[in-house]
Amino acid sequence: MSSDEIGFSRLTYSEVILSIRLKEMVNSAPMGAILNDRGEISLKIYEKQRTYKMILEGARDCVLNITDDPILFYNAIFEKEKIRYKPAKYVSSPRIRGCNAYIECLIADATTRKGYIDTTLKPLLIEAAADTVRAYSRPGPAIIEALICYSKIPHYKDVDKEKAEKLKKMIDTFREIVYHSTKDRILREIATKILEKAKKI
Ligand SMILES: Cc1cc2nc3c(=O)[nH]c(=O)nc-3n(C[C@H](O)[C@H](O)[C@H](O)COP(=O)(O)O)c2cc1C
């Protein structure tokens, strides 16, 4: 199985939960992952985070845990003690229990930039529970939410103008999310069109 089979692409970020070990310390945090031109996985990890420090201090490998469970994403930021681990097959970093797929990776390169590190990962093993598993990505849900807002505007523009304006602002925000999370021209065009159409109502 390859990373593109679970939705990884060169255009759109896949949102994963990265688990990592440095000696006795284990940590998990959500991260956006994208393929680079060589087909390796690329992450941008901002400073002041535990993951950042662990990589700079010598962590050698990690696991990208694939899930669309919002509670796991929440726990990976706010309630890390609730995360349950199980051993990985090829790397020292553990897998998070209850995910749909796992990508066990070597940290092949970590280049320090201003305020973040560019990290390149080499996948050693990709294991998915089913062929249909896809990593979570933001542009699809953002476009659907924008369409929901759009379809509510005709109703609110007569009964509650303030609410109608708020819906347009939300569509603008969803468009920003699309632009932030993908370079895909068609998805970006769709997001812009929804906003333009909403402004004309
Ligand atoms: C869906 C999602 C994607 C994220 N992507 C990144 C990312 O690509 N790079 C990053 O530095 N932080 C990212 N974050 C923020 C970190 O996960 C967050 O700051 C976390 O608390 C860091 O945990 P740590 O201090 O234990 O490393 C993301 C958060 C979410 C919810």
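Reply: The secondary structure of the protein chain comes to five helices and eight strands, where helices (H or I, at least four residues) and strands (E, at least two) are DSSP runs numbered from the N terminus. This is a predicted model, in which local features need pLDDT of at least 70, side-chain atom pairs count only at pLDDT 80 or more, and totals for chains, interfaces and linings use all residues. Residues are numbered from 1 along each chain as its sequence is written. From the N terminus on, the elements run β-β-β-α-β-α-β-β-β-β-α-α-α.

Me: What percentage of the residues in the protein chain is buried?
Reply: A residue is buried if 20 or more other C-beta atoms lie within 10 Å of its own, exposed if 12 or fewer, and partly exposed in between, with C-beta atoms placed from the backbone. Of the 201 residues in the protein chain, the buried share is 32%.

Me: Which residues does Ile66 touch?
Reply: Two residues are in contact if their C-beta atoms, placed from the backbone, lie within 7 Å. Not counting residues up to four places away in sequence, Ile66 touches Ile6, Val16, Cys99, Asn100, Ala101, Tyr102, Val133 and Ala135.

Me: How do helix H4 and helix H5 pack, roughly parallel or roughly antiparallel?
Reply: The axes of H4 (residues 161-181) and H5 (residues 185-200) lie 9 Å apart at an angle of about 170 degrees. Axes are lines fitted to C-alpha atoms, for helices over the stretch in contact, and angles run from 0 to 180 degrees between N-to-C directions. Angles under 35 degrees count as roughly parallel, over 145 as roughly antiparallel, 65 to 115 as roughly perpendicular and the rest as oblique. H4 is therefore, relative to H5, roughly antiparallel.

Me: Is Lys23 buried or exposed?
Reply: Lys23 is found in the loop between S1 and S2. Although not a glycine, Lys23 has a positive phi of about 50 degrees. With 10 other C-beta atoms within 10 Å, Lys23 is exposed.

Me: Is Lys48 buried or exposed?
Reply: Lys48 lies in the loop between S3 and H1, and its phi is near 70 degrees, a positive value in a residue other than glycine. Since 8 other C-beta atoms are found within 10 Å, Lys48 is exposed.

Me: Is Pro94 buried or exposed?
Reply: Pro94 is placed in the loop between strand S5 (85-86) and strand S6 (95-96). Beyond its neighbours within four places in sequence, Pro94 is in contact with residues including Ser19, Arg21, Val26 and Val63. Because 21 other C-beta atoms lie within 10 Å, Pro94 is buried.
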